[in-house]
Amino acid sequence: MVKRTPWIERAKGLVPARWRRDARMVLDGLAGRPPPPYWSTGTSSRAEAPGPSPLPGARSLRVAAVTRETPDAVSLTLVDLRGEAIVYRPGQFFTLALRLNGEVLRRAYSASLPMSEASPPGSVRVTIKRVAGGRVSQHLNERAGAGDVIDVFGPSGSFVVEGAPATLVLIGGGSGATPLLAIAYDALARLPDTRVVFLVGNRSTGDILFCDELAALADRHPGRFVLRHVLSHPPAEWGGGVGMLDAETTARELDALSMEGPAEYFVCGPGAMMDAVRGCLLGRAVEAGNIREERFSSPVHTAAEQPGGDVAVTATVGGRSYAVVNRAHETVLESALRQGAPMAFSCTMGGCGACRMKLREGAMTMEEPNCLSADERAQGYVLTCIGRATRACVLEADPS
Amino acid sequence: MMFNERLVNLLPGRMRNQVAQWFEAAEIFGEMRDPKVLAAIGPAGVRGLLLQRGKQGVPTQMPAAHQAHFDWRYPHDNAEMASLYRRAKEGQWNGDSLPWHTDVDPFNPEVPLIPADFIDTAKLASFGVRLDAREELRLRYSLTAWMLSQFLHGEQGALFAAAQVTEAVQFFDGKMYGSTQVMDEGRHVEVFHRYIDTKLNKLYQINDNLYVVIDSLMTDGRWDMKFLGMQIMVEGLALGAFGVIYKQTKEPLLKELLRNVIQDEARHVHYGVVALREQFRDHLTERERSEREDWAYEVALLMRNRFMAFEVYDEWFAHRLTRAQWRELVSTSPGMMDFRHVMFVRLIPNLREIGLMSPRIVPHYERAGLMRYYHGRSADQLTGEQLLADLH
Ligand SMILES: Cc1cc2nc3c(=O)[nH]c(=O)nc-3n(C[C@H](O)[C@H](O)[C@H](O)COP(=O)(O)OP(=O)(O)OC[C@H]3O[C@@H](n4cnc5c(N)ncnc54)[C@H](O)[C@@H]3O)c2cc1C
Ligand code: FES
Ligand SMILES: [Fe+2]
Ligand SMILES: [Fe+2]
């Protein structure tokens, strides 16, 4: 039997789709089915695709140059997108916030040149050493390219030279040489009566960061700059020190550098090395007040507990109170900045204390470890940059 | 009107709103006095009000019939337009640089999108609809999303109209200027859409009356009608409307967005005034001029009387209020009144400036309550900064 198309179907084929839509509008209207008044949106990707907006409080810096320092370390020269100078002190660090696989990862990187040496002027150079299995350091070593835009916080930190010590002893292991190089440049240029001793520990010659720059500094300041390399895996004919920078090696090296007069020590490197050097120095009757340290180790972070929903936070800053909602997926600092409260902060990763506030009421969880001392914790201080409110909170800006 | 309403009430409930809507539309066109104007707007009216082409959920095709005007000699023929072009180049900004990180919470009463008195809830209650505090916030959120959605749809119209006008305009300096306006309008579409899409998550369909205006001028082949429709009417109304929201909103991102957009729009309207003033004065017959005068008046009325957030009504109150009640609510609520009035603050002086406010039309504007804006400053006497300063 021949199957017959109903007449209405055949007629449809003759009428342009546009007219059928018009007719449907009229008929649907009469049947009490008006068109939907609105659409729900939020799924289009145009806004998100290129250049996401900066994180609250961040400054967008552009990578102007990428320099390979060693097979495992790369330097990035960063410039401000709007051309403003980047101001910092030698020894300070910046927090680079990278978006990798939908997650924001924040890592501290110290300036490896003082402002006076920055080229182009107004830029900052950071140097990143690859850490085995490290997410950010690997990414930057392999992928960073000129033109990339990175959200940056800071500068932060108080690993800086105050005054003009007679002798400055810089002890660094691996990437710990980074802030020490900036300090060395600066002290040699700015403090004519200061002698600088630089003790650098690495695995092998290929790992030495800033090898040529350090040699050039030594040439330029023969009397005032003493440079000593120590390698745990030295090559066949090696004139420098041998060993890990543990207590014993450090003591031996310092003995060899007959030093007269009071000295200030700046120590930077992996945790184990720092502990060893500190023990050694204290054993040599160096006053604790003359030992300055910067710990690079960011041990495995335990994320703060994620509270379930929005929590009310009242923050008093500069004598004014701000009612803020701490969103579930944000830190107190992020929420407060987004909602217009003029919060203090610097590193945004619990490392500098700039965002410290007093918790008057309520409860907050924080990522560990962080830079709060046991004393500060006992007094009720919290860090808003790594804190999430679990109950309604009342916060007060640090009066000190 | 009374008769219509009674007739409508005899219909089965679900048909009632639709038919009432058609009666309203028929009324608008019945009242048009000039047959030429009716011929110019009528077809667009059928497409917009009856067939609701803007709400069919599919892209709309609009045929264009204007002439692209080429000039291979590139004359420098209009100093004021050349200076607008220079200013426009310097005034470019990047939509990405607005503070998009701002967290917009439409339901936070501490940072209201629009003030609480925008809609008169006492009146609403007198109609038997009571809203609790949360619902009131949601209604104001809906109204804001509605207004911004209409701004966005208007910007899409402005983008394409600016492109058409750039092709059609006879001044070469005007074409150069026009290229910047195309970019400006693209950016406006970008930022309004991004705000709606990522902060409000709610895009209202285009209002039927706005659709009629856009359809009518896009399909009109006469370049000066496009100019009049887009640069003077739609942009002028938008400039007023942006100003109200700019002044009243406490939401910092929206405020910053509007501040930037208003400065661009001030240039656009200025351009419209410069281009049309001479054209209407020196190059048209009186018959042609008065046709444009009537057209402008009808469009003004359409927006004055019909731009009433019926999309919000459909969403919220279709089963609780009649269309007439909604119209009364919108016409008497302080915020909405302000919104629908201030739209004209910028428009009326510009119509005066381009010569479309002759004594024959003034009494009609008087009756519509719009003459009070007559003595304001026109766009060619205002910079973007002055405009913003006026709003404080
Ligand atoms: C104040 C400060 C300044 C810093 N300055 C510099 C600098 O100038 N140059 C530089 O290269 N780095 C610097 N760091 C270290 C840097 O911030 C990162 O911790 C490092 O790059 C590793 O990050 P990642 O994402 O690659 O590793 P992750 O993915 O975070 O960690 C991967 C693994 O590596 C281990 N790990 C993490 N950090 C180190 C480390 N430093 N050494 C050995 N193992 C580690 C982790 O425990 C983990 O098991 C600094 C750290 C601090 C706190
Ligand atoms: S900002 Fe540095 S600790 Fe919070
Ligand atoms: Fe626009
Ligand atoms: Fe415009």
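I take contact to mean heavy atoms within 4.5 Å, and I keep in mind throughout that this is a predicted model.

**Entry 1, extent of the interface.** I looked up how the two chains meet, and found that 29 residues of chain A are in contact with 32 residues of chain B. For the area, I noted that chain A and chain B bury about 2,900 Å² between them, of which 54% lies on carbon and sulfur atoms.

I then turned to specific pairs across the interface, where the count of residue pairs in polar contact, both at pLDDT 80 or more, is nine. I asked myself which elements of chain A each supply at least two residues of the side that touches chain B, and I found helix 2 (17-30) and strand 1 (38-40). Of these, helix 2 of chain A gives the largest share of that side, with seven residues. Sorting the side of chain A that touches chain B by class, I recorded 13 nonpolar, nine polar and seven charged residues.

**Entry 3, salt bridges.** I counted three salt bridges between chain A and chain B, and one of them that I located joins the side chains of Arg327(A) and Asp105(B), with 3.5 Å from N to O.

I finally followed strand 1 of chain A across to chain B, where three bridges join it to strand 1 (residues 202-204) of chain B, the two running antiparallel. Within this pairing I noted that Tyr38(A) has Tyr204(B), in strand 1 of chain B, as its bridge partner.

Key
Residues are numbered from 1 along each chain as its sequence is written. Chains are lettered from A and ligands numbered from 1 in the order in which they are written. This is a predicted model: local features need pLDDT of at least 70, side-chain atom pairs count only at pLDDT 80 or more; totals for chains, interfaces and linings use all residues. Side-chain values use heavy atoms; hydrogens and water are left out. Buried area is the accessible area (1.4 Å probe) that two parts lose on being put together, summed over both. A salt bridge is a side-chain nitrogen of Lys or Arg within 4 Å of a carboxyl oxygen of Asp or Glu. A polar contact is a pair of N or O atoms within 3.5 Å; within protein, one must be able to donate a hydrogen and the other to accept it, and residues adjacent in sequence count only if both atoms are side-chain atoms. Helices (H or I, at least four residues) and strands (E, at least two) are DSSP runs, numbered from the N terminus. Ala, Val, Leu, Ile, Met, Phe, Trp, Tyr, Cys and Pro count as nonpolar, Asp, Glu, Lys and Arg as charged, and the others, Gly among them, as polar. Two strands pair if DSSP finds at least two bridges between them.
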